[in-house]
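Welcome! Take a look at the sequence and structure, then read on.

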Amino acid sequence: MGDLAAAVRAGEKTAVARALNLVEDQRPRARAAVAELLVALRGAGGHRVGLTGPPGVGKSTLAAALARALRDSRRTVGVLAIDPSSARSGGSLLGDRARMGFDPADEGLFVRSLATGGDRGGLSSAALAAVDVLAAAYEVVLVETTGVGQSETDVRLVTDTVALVVQPGGGDVLQFLKAGVMEIPDVIVVNKADHEALAQRTAAELQGALQTMVAVGAGEALPLVRASATTGEGVAELLEALDAHRSAIAAELGARRHAGEVAWTLRLFRRLHGDHGVRVLGGEEALRRWADEALAHAAPPRACETLSERYLATLCPDAGPSHGPGPAPLPPHDDTETSTP
Ligand SMILES: Nc1nc2c(ncn2[C@@H]2O[C@H](COP(=O)(O)OP(=O)(O)OP(=O)(O)O)[C@@H](O)[C@H]2O)c(=O)[nH]1
Ligand SMILES: [Mg+2]
């Protein structure tokens with residue numbers, strides 16, 4: 001597994017493809033291998049950018065345009081289209097590579113769709129692990145997810161910067177933002193700005209709504225970019241806004257990624273054991289501390305297994321030798337690393 005991790009880190013395309021196949025493989029042996037791989041791939045990694053937004057606003061086209069701009073500036077890029085709907089257009093994005101003049105032999109560009117959505121509209125563990133793989137291999141990772149809801153919330157757990165893509169006349173998004181149905185992104189893009197008048201009006205409406213939100217303390221000022229993925233207009237400005245956000249959060253990046261991993265571990269645990277599981281392990285706060293501890297030694301899927309073992313041991317302390325004498329005491333709540341194996 002060390003060899004594969006090293007090859008992925010070196011950005012070898014065949015290794016990245018192999019790692020992503022492994023990530024999608026649900027068999028126990030593959031899952032154990034993925035757990036090992038994810039630990040070996042941990043560390044700084046590339047800038048993870050989420051592209052979210054309603055169906056058909058041009059996320060895939062924009063991802064292709066951004067990828068091209070990044071390659072022009074000699075940065076390496078991984079593109080991941082997640083969920084069934086994106087997987088379809090992700091396919092066309094793959095087709096678009098030729099049309100957009102991407103060299104198939106380009107070692108610095110990797111495009112992949114994952115058809116594996118998670119339950120209840122959220123992202124699957126495979127999707128989240130795939131982001132980790134690409135971030136280890138490429139300087140920038142673009143993650144496309146469609147829709148408003150769980151997948152949009154989940155993508156935040158694995159990305160550093162979230163860009164919400166809307167299109168001219170996309171007033172419903174404005175309503176969602178105002179109503180708090182939708183979380184506030186880091187950057188907003190009004191795509192299809194080649195429909196000039198309408199794009200201008202939509203941008204003005206959004207700007208007004210955002211200013212009101214800032215004024216009432218419901219959000220921060222955030223960049224709003226008008227772009228056209230098809231003409232390329234505004235794509236450089238979008239890239240600047242994404243880079244600026246990455247620079248602005250540089251100091252907190254480690255903490256943010258760790259918080260994302262804790263949240264992801266908790267989500268996986270909740271999917272398996274529900275609120276009951278959370279109660280058995282002493283409530284949300286205690287569960288966070290258990291997750292913190294487990295994440296010192298493993299990536300989220302494996303950390304969740306550790307929590308599950310603890311849950312079972314708590315439920316049936318006499319269940320057999322494999323569970324040992326029962327759960328260990330809760331680790332102290334401080335910032336120093338705990339050393340429980
Ligand atoms: N006029 C115009 N059309 C665009 C632009 N960007 C994308 N489109 C078109 O909009 C349609 C949808 O684009 P996609 O990139 O597939 O949109 P998407 O958001 O990825 O769609 P889903 O993945 O299905 O949610 C396609 O026909 C694109 O050619 C743009 O900037 N201007
Ligand atoms: Mg798409």
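## A loop residue to start with

Lys-192 has a relative accessible area of 26%, so Lys-192 counts as partly exposed. The model is a predicted one, and Lys-192 sits in the loop that links strand E6 (187–190) to helix H9 (196–215). The phi angle of Lys-192 is near 60°, which is a positive value in a residue other than glycine. Most residues other than glycine have a negative phi.

Arg-74 also has a positive phi, near 65°, and is likewise not a glycine. You will find Arg-74 in the loop between helix H4 (59–72) and strand E2 (77–82). Its relative accessibility is 72%, so Arg-74 counts as exposed.

## The chain as a whole

Stepping back, the protein chain contains 13 helices and 7 strands. How many of its 341 residues are buried? Buried residues make up 50% of them.

Contacts across the sequence are worth a look too. Of the contacts in the protein chain with a separation of 6 or more, 75% are between residues 24 or more positions apart.

## The nonpolar cores

The largest nonpolar core has 54 residues, and the members that touch the most others are Val-8, Val-16, Val-133 and Leu-134. Helix H6 (residues 125–137) supplies the largest share of this core, with 11 residues. Both domain 1 (44–248) and domain 2 (253–323) take part, each giving at least three residues to this core.

To see one of these members up close, find Val-16. Leaving aside residues up to four places away in sequence, Val-16 touches Val-8, Phe-110, Val-133, Leu-134, Ala-137 and Tyr-138. Another core, of 29 residues, lies apart from the largest one; among its members are Val-187, Val-189, Val-225 and Leu-242.

## Two helices side by side

Now turn to helix H11 (residues 253–280) and helix H13 (residues 300–315). Their axes come within 8 Å and cross at roughly 20°. Angles under 35 degrees count as roughly parallel, so H11 and H13 are roughly parallel to each other. The crossing of the two helices is right-handed.

Which residues bring H11 and H13 together? On the H11 side they are Glu-261, Trp-264, Thr-265, Leu-268, Phe-269, Leu-272, His-273, His-276, Gly-277 and Val-280. On the H13 side they meet Pro-300, Pro-301, Ala-303, Cys-304, Leu-307, Ser-308, Tyr-311, Thr-314 and Leu-315.

Thr-265 belongs to helix H11. Is Thr-265 buried or exposed? Its relative accessibility is 0%, so Thr-265 counts as buried. Not counting residues up to four places away in sequence, Thr-265 touches Ala-291, Leu-295, Pro-300, Ala-303, Cys-304 and Leu-307. Among these partners, Pro-300, Ala-303, Cys-304 and Leu-307 are listed on the H13 side of the helix pair.

Ser-308 gives the view from helix H13, where it lies. At a relative accessibility of 11%, Ser-308 is counted as buried too. With residues up to four places away in sequence set aside, Ser-308 touches Phe-269, Leu-272 and His-273. Phe-269, Leu-272 and His-273 are also among the H11 residues that meet H13.

Technical notes:
Residues numbered from 1 in each chain as written. Chains lettered and ligands numbered in written order. Predicted model: local features only at pLDDT ≥ 70, side-chain atom pairs only at ≥ 80, totals over all residues. Heavy atoms only, no water. Core = buried A, V, L, I, M, F, W, Y, C linked by side-chain atoms within 4.5 Å. Buried < 20%, exposed > 50% of the residue type's maximum accessible area, 1.4 Å probe, protein only. Helix = DSSP H or I, 4+ residues; strand = E, 2+ residues; numbered from the N terminus. Domains from an automatic or database assignment. Contact = heavy atoms within 4.5 Å. Axes fitted to C-alpha atoms, helices over the stretch in contact; angles between N-to-C directions. Parallel < 35°, antiparallel > 145°, perpendicular 65-115°, else oblique. Left-handed = near helix turned anticlockwise from the far one by under 90°.
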